[in-house]
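Subject: Structure for your review

Hello,

Here is the structure you were expecting. My notes on it follow below.

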Amino acid sequence: MNLLTVENITKSYGERILFNIPAFVIGEQEKIGLIGVNGTGKSTFLKIIAGKETPDQGKRIISHHMVIEFLPQNPLFLEEATVLQQVFQGDAPVMKLIRDYEGILDKVNQGREEDAEKELVALSQQMDQMNAWGMESEAKNILHKLGVEDFSAQVKTLSGGQRKRIALAAALIQPADLLILDEPTNHLDSQGVDWLEEYLNQRKGALLMVTHDRYFLDRVANRIIELDQGHLYSYMGNYSYFLEKKSEREESEIATQKSRKNLYRQELAWMRKGAKARTTKQKARIERFEKLAGEMGETKNEKFEIQTGATRLGKKVFEIENLGKSFGEKTLIHDFNYIFTRRDRIGIIGSNGIGKSTLLNIIAGKILPDQGRVETGTTVRLGFFSQENQEMDLDQRVIDYIREGAEVIPIEGGGTISASQMLERFLFAPQVQWKPIAKLSGGEKRRLYLLRILMEAPNVLLLDEPTNDLDIATLTVLEDYLDHFPGVVITVSHDRYFLDRVVEKIFAFQENGEILPYVGNYSEYYNYLMHVAEQDLKEKKESKEQKGRDDRKRKQVLKFTFKEQKEFETIDAEIEVIETELAQLDDEINEAGGDYLLLQDLLNKKETLKEQLDDKMGRWTYLNELAEEIQRSRS
């Protein structure tokens, strides 16, 4: 059954046509991944499907009573709301009930209203009637899985990443026939992405999403649609299937284009001979030539060979010794030591807020460590791609912004590459290069910021979540660029595909502040963790089996050892002595009055005696149970 259909929809901004789509249909159980270069209109397309924006032409048809839930790339928030209140902002009656319940519960806990408890009882009964408790429990579970623990925190106190995760939780909890997600994996760590994959695979209903995470698309999507130069192409399969079929389509297009070029040359030669439209046949041929000439302008830019620019890097890069950093009581980095080499490709992984970006900022000299040191080589030329774009003059033209970094940069093997050529390599067509930055989409600005850093010809790249807000085409270009980059790459990323493609070593942050190095890419590290987990499970199983054998052996013998027999005969008296001493100590404590030194000494003795008594009572329980078993076995 079709849930939604769009027919002949078009969308333009000024003179720029984003897309022109004759037809598009979403079925009941389809999980669709939408991909395309930044600026092609992916987010706009999602908004039209969600009914949040109107196309210039065409219509959108939805099935009767269908419910759509939409997570935009930049969701709106109620600044004064708590986390749970924000999650339950939907329009459904059950959402309103849960909001009311959470609000009254908060008042009861703070003792702000005398009648709040009566109202809480009434709302609890309504929660029972609408089976809302399960939804509240599920919301808290989803928040926990996404790394949000403080449900009563106000939204205005949270970071941008935490807010995005709350918005994602709100979208997932809402009952919907079609769930639309715009970049849901941004700001999630690897564990969060793994959980979201499993959740969406088990979820009933249709899904339409934009994401740059290629492993995510491979494991969740059963259909890929691509926006390319205003056209929508559909592939019934996951991302790997899409790559295969797109390659076939492009090869076919190249063959068609070659044939069209040959025909164009022939017709051009005929036209140059002075063709005259004296006959209907000649007139038709001239019209065909004009149409062919128009089609020749629609060819795609040929792919350029990736070339990289970097300045010479000496033997010494960074030397880190006994590095430590804490914020308050939380230790982020503990006693970290490492000497970087000139060809290091390192991926830094760990849960959100654990200290990954802090390490990059310390290496870059933007944050000082609490202890230890970072020595930087004299030839190091650093390029730092942070999570936040630097300030841009939105009136400045794209090419001028890049030229501020450099007009040309040297490339490995000799020669130079110009700012305009680099822009083309990073998917900025010549006509886009002369536009003001204000005309670019958010993803295009992010791509431009990345290119500006590369234009400064660094020999060490620090990349902090470089895959956030970049499209797959740009990531592919960046990965190819890094393949040929002659310097050091250190990247924080949750994008498993990117890490597998780029890095050769993993720095894994632990909760205690330790950073564990592992030689290999992300998948190899993940497989190592799975192997360790399997070994631990195997050892626990073997230990349990051994304990079972020991228990069976003990039951077969079922008698006291000489030492246990002696202990069993004397333990009651020993316990009685300790209890007497404790009673005497209590009397002495009461009589100590204001003598604090004596009081402290007596309290220490009491604590020691209590520990001895606990040990004795544990042994008493064991020996008496064993005595009962021995008695039963003999009867």
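**A bent helix**

Helix α19 bends by about 45 degrees at T570. This is a predicted model, so please read everything here with that in mind. The helix covers residues 562-592. At 1.5 Å a residue, its 31 residues should span 45 Å, and the end C-alpha atoms lie 44 Å apart, which agrees.

The buried residues of α19 are E564, E567, I571, I575, I578, L582, L585, I589 and A592. An α-helix has 3.6 residues a turn, so residues three or four places apart point the same way. Just after α19 comes G593, with a positive phi of about 60 degrees.

**The protein overall**

There are 635 residues in the protein, and 44% of them count as buried. The secondary structure comes to 20 helices and 20 strands. Taking the contacts with a separation of 6 or more, 68% are between residues 24 or more positions apart.

The average pLDDT is 85, and 88% of the residues score at least 70. Over residues 297-304, however, the pLDDT is below 50. That stretch has 11 contacts in the model beyond near neighbours in sequence.

**A buried strand**

Which residues of β18 point one way, and which the other way? V488, I490 and V492 point one way, V489 and T491 point the other way, and all are buried. In a regular strand the side chains alternate between the two faces of the sheet. Strand β18 covers residues 488-492; five of its five residues are buried, so the strand is largely enclosed by the rest of the structure.

- Strand β17 (residues 460-464) pairs with β18 in the parallel sense, over five bridges. L461 has V489 as its bridge partner in β18.
- Strand β12 (residues 345-349) runs parallel to β18 and is joined to it by four bridges. Here the bridge partner of G347 in β18 is T491.

Strands of a sheet pair through backbone hydrogen bonds, either parallel or antiparallel.

**A three-stranded sheet**

An open sheet of three strands, with antiparallel pairing, has the order β11-β10-β13. Its edge strands are β11 (330-339) and β13 (371-376), each of which pairs on one side only. From one strand to the next, the twist averages 20 degrees.

Strand β10 (residues 318-327) is joined to β11 by six bridges, and the two run antiparallel.

**T376**

T376 is found in strand β13.

Leaving aside residues up to four places away in sequence, T376 touches V317 and F318. The C-alpha atoms of T376 and E319 are separated by 6.7 Å, while the two residues are 57 residues apart along the chain.

Regards

How values were computed
Residues are numbered from 1 along each chain as its sequence is written. This is a predicted model: local features need pLDDT of at least 70, side-chain atom pairs count only at pLDDT 80 or more; totals for chains, interfaces and linings use all residues. Side-chain values use heavy atoms; hydrogens and water are left out. Two strands pair if DSSP finds at least two bridges between them. Axes are lines fitted to C-alpha atoms, for helices over the stretch in contact, and angles run from 0 to 180 degrees between N-to-C directions. The expected span of a helix is 1.5 Å times one less than its number of residues. The bend at a residue is the angle between axes fitted to the seven residues ending there and the seven starting there. Buried means under 20% relative accessible area, exposed over 50%, partly exposed in between (1.4 Å probe, protein chains only). pLDDT is the predictor's confidence in each residue, from 0 to 100. Contact means heavy atoms within 4.5 Å.
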